[in-house]
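Welcome! Let us take a friendly walk through the spaces inside this protein and the places where its parts meet.

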Amino acid sequence: MSEQLVAKIQRLKRERNAVILAHNYQLPEVQDVADYVGDSFELSRKAAATDAEVIVFCGVHFMAESAFILAPHKTVLLPERLAGCPLAETITEDDLRRKKREYPEATVVCYVNSSAAVKAESDICCTSSNAVQVVNSLPSKQVLFVPDANLAHWVAGQTDKEIIPWRGHCVTHHRVTEEDVRRAREAVPGAVIAVHPECRPEVAARADFVGSTSALLRFARETDHREIVVGTEMGILHRMKKENPHKKFYLLSPGLICPNMKMTTLDKVARALERLEPRITVPEGTRLRAAAALEKMLAVT
Ligand code: 13P
């Protein structure tokens, strides 16, 4: 059944002149059918550069929105329309406008995990793989960093800028506690612990490595350690195990599962290609302003 479904997806992909992009947190079978699997930054670059007419974005809403913002003449499909990002929903454009009035001198850096409307209100975007570089590229001393407070804290530790955070969190990463780190050190004494910067500051401070999903994958390939405890969404383990069959991977907390990332199935990918739905678009005025913020990010990194 799954083989037939994969064959159907491949056929439809050719017929539609489509490319399938999948985030590192997607279900294993979805990652395996994709043309590119990557972190938010890599996938934004692919979306901006593709020759395909249709982009099937296996990820969550803000990712497909970013693809449309960068490639407005393409058909951008999100196989499950309801796959959202609770972190992105912690701030609205009105919240951001109010915050900007409080800090009129600050430059606004917005993490890509945000709506198109919030990107449109921001000066520049960043992802977890380039956040420090983006912040350090800015002329202003004060930076309003939205919406992830944990990522803001991690960036603040690596820059001289004054970082003013928003109060958002990724519920999945925020669930990991210091106690999980302590338990992991006890349970797998020789292992290294590698976590995503969306984890709490006290978790990141106790980890051996902190990085974006692709940085974590690189770390897993390059480290001499053979046992690695991973503090990010469980979907990443698929590629880690595939790329490092001789190493052992453990999840830092059983709570590291993002229900939104798991909504995309092969069935939904096939249906999206068949019907060319659900399509993601952004009103042109908002898109142009959001594109400026995303393109500035692509230019500095
Ligand atoms: P990456 O850019 O590291 O892939 O992170 C995306 C994300 O949503 C993390 O929760």
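## The largest pocket

The largest pocket holds about 310 Å³ of space. Here a pocket is an open set of points on a 1 Å grid over the protein atoms alone, where a 1.4 Å probe fits and protein lies on both sides within 12 Å along at least five of seven lines. Its volume is the space filled by probe spheres set on the points, which are joined across faces, edges and corners. There are 30 lining residues, and Tyr-25, Asn-113, Cys-170, Glu-198 and Met-261 are the closest to the pocket centre; a lining residue has an atom within 4 Å of a point.

This is a predicted model, in which local features need pLDDT of at least 70 and side-chain atom pairs count only at pLDDT 80 or more, while totals for chains, interfaces and linings use all residues. Residues are numbered from 1 along each chain as its sequence is written, and side-chain values use heavy atoms, with hydrogens and water left out.

Which helix gives the most to the lining of the largest pocket? That is α9, with three residues. At least two residues each come from α3 (40-49), α4 (61-70) and α9 (171-174); helices are DSSP runs of H or I with at least four residues, numbered from the N terminus. By class, the pocket lining has 14 nonpolar, 13 polar and three charged residues. Ala, Val, Leu, Ile, Met, Phe, Trp, Tyr, Cys and Pro count as nonpolar, Asp, Glu, Lys and Arg as charged, and the others, Gly among them, as polar.

The largest cavity contains about 60 Å³ of space. Its lining includes Ser-40, Leu-43, Phe-62 and Val-112. Both α3 and α4 give two or more residues to this lining, with α4 giving the most, four. Six of the cavity's lining residues are nonpolar and three are polar, with no charged ones.

An automatic or database assignment sets the domain bounds: domain 1 (2-85 + 261-281), domain 2 (88-169 + 287-300) and domain 3 (172-251). The C-alpha centres of domain 1 and domain 3 are 27 Å apart. Between these two, about 920 Å² is buried, 46% of it from carbon and sulfur atoms; buried area is the accessible area (1.4 Å probe) that two parts lose on being put together, summed over both. Asn-24, Tyr-25 and Lys-262 supply 51% of the area that domain 1 buries against domain 3.
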